[in-house]
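Please look over the notes below with the model open beside you.

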Amino acid sequence: MKRAAVLFVCLGNICRSPLAEAAFRQEAERRGLDVEIDSAGTGTWHVGHPPDRRAQAVALRQGIDISGYRGRRVTPEDFRRFTHVVALDRDNLADLKRIRPSDGTAELLLLLDVVEGRQGKSVADPYLGDEAGFDVTWADAVAGAKGLADRIARED
């Protein structure tokens, strides 16, 4: 069986997807899961940029430094490289389905699809709000990370 590899995707890859990546890295490490983890965006506005300072601050409060993460755009190869491509909202999931190459093998899902009672829901985009929105996003990312780790552990 192929080693699990998870790509988290939002629009700009500076808020939600880096936080989901960080939360899942932390959960995978805690559980000893052997999984490749990354994040990307469907847009190009923030390619090469570090995560939003507010995202960095919420991660640092959890003891996680994401300042070294850099925004990148989803590529066709990602759909072959990763076993799971996880969208943070329904719009990005629709974009991923549209741009997925015909030979893409990754499972596409929403992050909150793996959280009981939250299936089909989007993680709210905190970008245009205040810092409190990033705490909400972090809580969703942690819930999703736990649910996804449960799922990947069962798949092994």
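1. Strands β1 and β3 (residues 84–87) pair in the parallel sense, over four bridges. Pairing here requires at least two DSSP bridges between two strands. L7 has V85 as its bridge partner in β3. F8 stands opposite V86, also in β3.

2. A word on provenance. The model is predicted: local features need pLDDT of at least 70, side-chain atom pairs count only at pLDDT 80 or more, and totals for chains, interfaces and linings use all residues. Residues are numbered from 1 along each chain as its sequence is written, and side-chain values use heavy atoms, with hydrogens and water left out. Helices (H or I, at least four residues) and strands (E, at least two) are DSSP runs, numbered from the N terminus.

3. Strand β1 (residues 5–10) also joins β2, through six bridges, and these two strands run parallel.

4. What is the strand order of the open sheet? The four strands run β2-β1-β3-β4, with parallel pairing. The edge strands are β2 and β4, and each pairs on one side only. From one strand to the next, the twist averages 25 degrees. Axes for such angles are lines fitted to C-alpha atoms, for helices over the stretch in contact, and angles run from 0 to 180 degrees between N-to-C directions.

5. Burial in β1 covers six of its six residues. Buried means under 20% relative accessible area, exposed over 50%, and partly exposed in between, with a 1.4 Å probe and protein chains only. In a regular strand, side chains alternate between the two faces of the sheet. Both faces of β1 are covered: A5, L7 and V9 are buried on one side, V6, F8 and C10 on the other. Strand β2 (residues 36–41) is mostly covered too, with five of its six residues buried.

6. β1, helix α1 (residues 16–31) and β2 form a right-handed β-α-β unit. Right-handed means that, with the strands pointing away from the viewer, the path from the first strand over the helix to the second runs clockwise. Helix α1 lies across β1 and β2, and runs at about 175 degrees to β2.

7. How do α1 and α5 cross? The axes of α1 and helix α5 (residues 131–155) come within 8 Å and cross at roughly 45 degrees. That angle makes α1 oblique to α5. The cut-offs are under 35 degrees for roughly parallel, over 145 for roughly antiparallel, 65 to 115 for roughly perpendicular, and oblique for the rest. The crossing of α1 and α5 is right-handed. For helix pairs, left-handed means the near helix is turned anticlockwise from the far one by less than a right angle, and right-handed means clockwise.

8. The α1 side of that contact (heavy atoms within 4.5 Å) includes L19, A23, F24 and R31. Among the α5 residues that α1 meets are F134, W138, A145 and I152.

9. Helix α2 (residues 53–61) packs on α5 as well, at about 55 degrees with axes 9 Å apart. This makes α2 oblique to α5. The contact is made by R53, R54, A55, V58 and R61 of α2 with E131, F134, D135 and W138 of α5. α2 passes α5 in a right-handed crossing.

10. Is R16 buried or exposed? R16 sits in helix α1. R16 counts as buried because its relative accessible area is 4%. Leaving out residues up to four places away in sequence, R16 touches C10, L11, L88, D89, N92, V123, A124, D125, P126 and T137.

11. A124 is in the loop between β4 (107–110) and α5. At 46% relative accessibility, A124 is partly exposed. A124 and R16 are 108 residues apart along the chain, yet their C-alpha atoms are separated by 8.3 Å. With residues up to four places away in sequence not counted, A124 touches R16, T137 and D140.

12. Please check the backbone at N13. Its phi is near 65 degrees, a positive value in a residue other than glycine. N13 lies in the loop between β1 and α1. N13 counts as buried, at 2% relative accessibility.
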